[in-house]
Amino acid sequence: MSTVPQASRLQGVRYDIRGPVLRRARELEAAGHQILKLNLGNPAPFGLNAPDSVVNGMLANIGSAHGYSDARGVRPARVAVAEHYLARGLAVDPDDVFLGNGVSELIVMALQALLNPGDEVLIPSPDYPLWTGAVNLCGGRAVHYRCDEAAGWAPDLDHLAAQVTARTRAMVIINPNNPTGAVYSRQTVLGMLDVARRHGLLVLADEIYDQIIYEDAVHHTTAALAPDLLVLTLCGLSKTYRAAGFRSGWLVVSGPRADAAEYLEGLELLANMRLCPNVPAQFAIEAALAGDVTIAPLLAPGGRLREQRDHTWRRMNEIPGVDCVKPAGALYVFPRLDPEVHKIRDDQQFVIDLLEQQHLLLSHGTGFNLPSTDHFRLVFLAPVAVLDDAVSRLAAFLGAYRQ
Ligand SMILES: Cc1ncc(COP(=O)(O)O)c(C=O)c1O
């Protein structure tokens, strides 16, 4: 028996995209195999680095970054975030902005300040699994609402409304979505907000991919559509600004504060307890949000991310028994394996077998809290030739694989 037991609050906490499958990949690498890793939405290893001006924003201020900052973050960065949202139709005060060590830290803080044991949070299925893990960590209960693959993975509003109980405290909206790549229509966002309004729910809007959208997709800033609701909007530098390693993100509080004074006091307490976020990386925020920094060329026709998305999606659909909704945003495809063709009972075993036979690392669908075992996620950050090789390996594997 272990003499240093694990805290029981970790019982229901899972983060499979860095779990047993990644451990097996490390073992194979240690044994000398080269693994093609398309499992993490981390732009830099694929040569997608932060723009120079963003890096310079941090370097130029390093001399002012030796001490702790204000617990919410340095004021110029919070002013830049407030101005960024003003341009999106959302007026917020710089004091309503909390900076964090990535959105990840702010997700945990927002839930820690909110949840009592047994409180429920509505989370999409599939989800970015940190949300479900963090709700469980904070003693809450993650209740998943269905997203409909046949409708381009839009949330099923009837199912969402049917999940609300007397214990429901908050609704998580991940838009654009990881892992599905869905970008929600205005009508869908309004429908979700209507459920939140009818039941007095706090809205947690994870919009980290808000500027990574393709073709004619439009991202609607949730909080701008609901000035009458308390909304926490989360975003940061990891994806659009390709600076995931800086660990720099923000949380913006909008809507009526009066009924939430205690909650916001709790959020401030937690911000104070972590002293402050990494200070050098806070200085990259002002530079990133300056008008001339844009990811648009990578997303336009001929742009690298656009080509990679198009190629991956097209080739994926050419594999017999694989169907893939075209992602309208973000960095992922989330294909379905037709159960008539590929009978997968254990999708984690499926990705481990793929890893061992083809040295290709993907993520299994149940790791994103999808109830069925017929999906997987592939990150399309790699150059087209590498993605092409990956899809060929997958096709060869599927041609012979039986579980
Ligand atoms: C939907 C979503 N939210 C949050 C995060 C974490 O972001 P950060 O790097 O800011 O912690 C990710 C990372 O992949 C994500 O996909």
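View 1. P126 is found in the loop between strand 3 (120–125) and helix 5 (130–137); helices (H or I, at least four residues) and strands (E, at least two) are DSSP runs numbered from the N terminus. The peptide bond from S125 to P126 is cis, with omega near 0°. The model is predicted: local features need pLDDT of at least 70, side-chain atom pairs count only at pLDDT 80 or more, and totals for chains, interfaces and linings use all residues. Residues are numbered from 1 along each chain as its sequence is written, and side-chain values use heavy atoms, with hydrogens and water left out.

**View 2. The loop that holds P176.** A cis peptide bond also joins N175 to P176, with omega near -5°. P176 has its place in the loop between strand 6 (168–174) and helix 7 (186–199).

**View 3. Residues around the ligand.** The shell (a heavy atom within 4 Å of the molecule) is made up of G102, V103, S104, Y128, I174, N178, D206, I208, Y209, S238, K239 and R247. Helix 4 (residues 102–112) supplies the largest share of this shell, three residues. By class, the shell has five nonpolar, four polar and three charged residues; Ala, Val, Leu, Ile, Met, Phe, Trp, Tyr, Cys and Pro count as nonpolar, Asp, Glu, Lys and Arg as charged, and the others, Gly among them, as polar.

View 4. For S104, a polar side-chain atom lies 2.5 Å from an oxygen atom of the ligand. For K239, the distance from a polar side-chain atom to a ligand oxygen atom is 2.7 Å. For N178, an N or O atom of the side chain is 2.8 Å from an oxygen atom of the ligand. Of the 400 Å² of accessible area that the ligand has on its own, the protein covers 94% (Shrake-Rupley method, 1.4 Å probe).

**View 5. The largest pocket.** The ligand takes the space of the largest pocket, with more than half of its atoms within 2 Å of the grid points as the criterion. On a 1 Å grid over the protein atoms alone, a pocket is an open set with protein on both sides within 12 Å along at least five of seven lines, a cavity is a set of points where a 1.4 Å probe fits but cannot get out, and lining residues have an atom within 4 Å of a point. The pocket volume is about 640 Å³, a volume being the space filled by probe spheres set on the points. Of its 29 lining residues, R18, L40, G41, N42 and K239 lie nearest its centre. Helix 4 gives the most to this lining, with four residues. The classes are 15 nonpolar, eight polar and six charged.

**View 6. The largest cavity.** Two cavities of 30 Å³ or more are counted. The largest holds about 50 Å³ of space, and its lining consists of D16, I17, V21, L22, N39, L361, L362, S363 and H364. Helix 1 (20–30) and strand 14 (363–364) are the elements that give two or more residues to this lining.

**View 7. The second largest cavity and R242.** About 40 Å³ of space lies in this cavity. P43, L48, I212, K239, R242, I295, L305, L331 and L381 line it, giving seven nonpolar, no polar and two charged residues. R242 is not a glycine, yet has a positive phi of about 50°; R242 lies in the loop between strand 8 (231–236) and strand 9 (249–254).

Note on methods. A polar contact is a pair of N or O atoms within 3.5 Å; within protein, one must be able to donate a hydrogen and the other to accept it, and residues adjacent in sequence count only if both atoms are side-chain atoms.
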